[in-house]
2 protein chains.
Amino acid sequence: MKRIAVSAGDLNGIGIELALRNHRRLSQQADLVYCIDRPMLEQAAALLDLPIPEDFQTTEYLAESFTIRAGEVDAASGRYSYASFVKAVEMAREGAVDAIVTLPIHKKAWELAGIRYKGHTDALRDFFKADAIMMLGSPKMYVALFTEHIPLRNVADAINEKDLTRFLIDFYHAIEDQISNSDQKIAVLGLNPHAGDDGVLGDEEYIIKKAIANAHQTLGKEPFTDPLVPDVAFVPHTRAHYTFYIAMYHDQGLAPLKALYFDEGINISLHLPILRTSVDHGTAFDIAYGNHQLNNLSYLNAVGYLLER
Amino acid sequence: MKRIAVSAGDLNGIGIELALRNHRRLSQQADLVYCIDRPMLEQAAALLDLPIPEDFQTTEYLAESFTIRAGEVDAASGRYSYASFVKAVEMAREGAVDAIVTLPIHKKAWELAGIRYKGHTDALRDFFKADAIMMLGSPKMYVALFTEHIPLRNVADAINEKDLTRFLIDFYHAIEDQISNSDQKIAVLGLNPHAGDDGVLGDEEYIIKKAIANAHQTLGKEPFTDPLVPDVAFVPHTRAHYTFYIAMYHDQGLAPLKALYFDEGINISLHLPILRTSVDHGTAFDIAYGNHQLNNLSYLNAVGYLLER
């Protein structure tokens, strides 16, 4: 059974409730250890009026205890969620677990706590000094982003042969084990409307084609498609052919993905020494500790992805 | 009953079959006149082995007759489809019909025929010397494009206060009659990831906000949203609030739209002296005259949109 560390996320949010409510179900498939100490867990469980499962494994002291206040942006809570995340990463780095799942943190709470990272992925890149690849998706469709959080104005100039070639090769190696059928191609999107219409609407597709050719040569096989027409790449009969997409920029991939599979989405960090998935939703402060029906699909998929690796 | 002219599209494609097969159903709702002459209609109907409905209204001679060859890109067929389109436009311009529906032409056939327009919309802009607004969609969701067929590299610079203000006002007037409830806003998308995150990921959202404020001032009402985060704008619970979206660029609007509603999509030309809709698919040369089951949703929606105006 795979051993997975789960970071607690911001304890003023819904993360710990997801962990408690789904433990019984997930514990049949994985050996889970939760990065939270006993006093904080007991406080959260009492507030939620939920029992703590007997086999709910926790960690030792992580950071200063604080009083949970549902939905509050709070430095102490930010500090704790960061410590929980760091603990999960350390366990994976040391080989004490096979992979980690991160529950949602609150960026502003990290900022109040003086943590200099904008989020998990940002921190992981720095911890490992590695170009983590961000992939989002659901079991039906995954989208990796070649450029991420940059202005749209800067996207076209970021498309260069060297970096894209590297990205394609790294990406292929990161998901190689998930491609069962060598006929199944990885969809690479063009940049421009109609994928440039042979250069009439932009010429970055020529760069993308070169990078694909380079990657094919290095890999000694041809797993990538030609640059696809972006607005047709996600229609049902195209989708039927692909599980993995490479988007040139943030909204090109994420707008169709979220339109289709919003509730079940997860975030995966590839090309790191450790494997990490995350739910693709936030702390949901507005419904935390409110006895609401939580949508647990994203959390279940985040764990499920790791079990299939 | 509304009177609608239907242009025949490229007769080597599926357009005329759609017209013949759906006539009975549509003729109960609209008074349709088809821009095709009798000899060409008879040739097509014979090839399709379909009867010509008794009340199938046609036009006089349009262009030189030719032998229909299913799926062929052909200058004579291009010439004919252009003449059919021009006839439909003329009828609308003269008030002989209330609106027009265009069946798919083949761009290459137009080119072979020496026609200097890339497509219907391009021609309409020139005929009327007007900035037609291109809107695509299905009855569930419509997306108007502020920029259309330009390289992604040029999109950010095309976002300027003056043109966008004009566009918003023109768009509002063009669809005003379709907004039944004044609480129902028109969704305006931001340009950058996370709609710029307060300027961190791009600053065009400030321009978009100014244009919205200008339009609201001119209109004396506030039909537009603030710039929405593009990758969240199309998730189910956001979609529930909007029918009309304004996208800053081609793929931003069309990739989510087609991912969701591909088969039923139509193309609408707004802000012209005449009202025109079109199917949002091509000539389907591969299945023309092949006795295939055609998807008629787009054609039915193209007519349906006009009936509701």
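Modeller: Start with one pair: Arg153(B) and Glu204(A) join their side chains in a salt bridge, at 2.9 Å from N to O. If you look for polar contacts across the interface of chain B and chain A, the rule finds 14 residue pairs, both partners at pLDDT 80 or more.

So which pieces of chain B touch chain A? Helix 6 (155-158), helix 9 (236-239) and helix 10 (250-261) of chain B each give two or more residues to that side. Helix 10 of chain B has the largest share, with 8 residues. Sort the residues on this side of chain B by type and you get 19 nonpolar, 6 polar and 8 charged.

Now zoom out a bit. In total, 33 residues of chain B are in contact with 33 residues of chain A. Interface size is often given as the accessible area lost when the parts come together. Here, about 2900 Å² is buried between chain B and chain A, and carbon and sulfur atoms give 63% of it. Our Arg153(B) turns up again: together with Leu152(B) and Asp231(B), it supplies 22% of the area that chain B buries against chain A, more than any other three residues.

Do keep in mind that this is a predicted model. The predictor gives the complex an ipTM of 0.91 and a pTM of 0.92. For chain A, the mean pLDDT is 96, and 100% of its residues reach 70 or more.

Note on methods. Residues are numbered from 1 along each chain as its sequence is written. Chains are lettered from A and ligands numbered from 1 in the order in which they are written. Side-chain values use heavy atoms; hydrogens and water are left out. Contact means heavy atoms within 4.5 Å. Buried area is the accessible area (1.4 Å probe) that two parts lose on being put together, summed over both. A salt bridge is a side-chain nitrogen of Lys or Arg within 4 Å of a carboxyl oxygen of Asp or Glu. A polar contact is a pair of N or O atoms within 3.5 Å; within protein, one must be able to donate a hydrogen and the other to accept it, and residues adjacent in sequence count only if both atoms are side-chain atoms. Helices (H or I, at least four residues) and strands (E, at least two) are DSSP runs, numbered from the N terminus. Ala, Val, Leu, Ile, Met, Phe, Trp, Tyr, Cys and Pro count as nonpolar, Asp, Glu, Lys and Arg as charged, and the others, Gly among them, as polar. pLDDT is the predictor's confidence in each residue, from 0 to 100.
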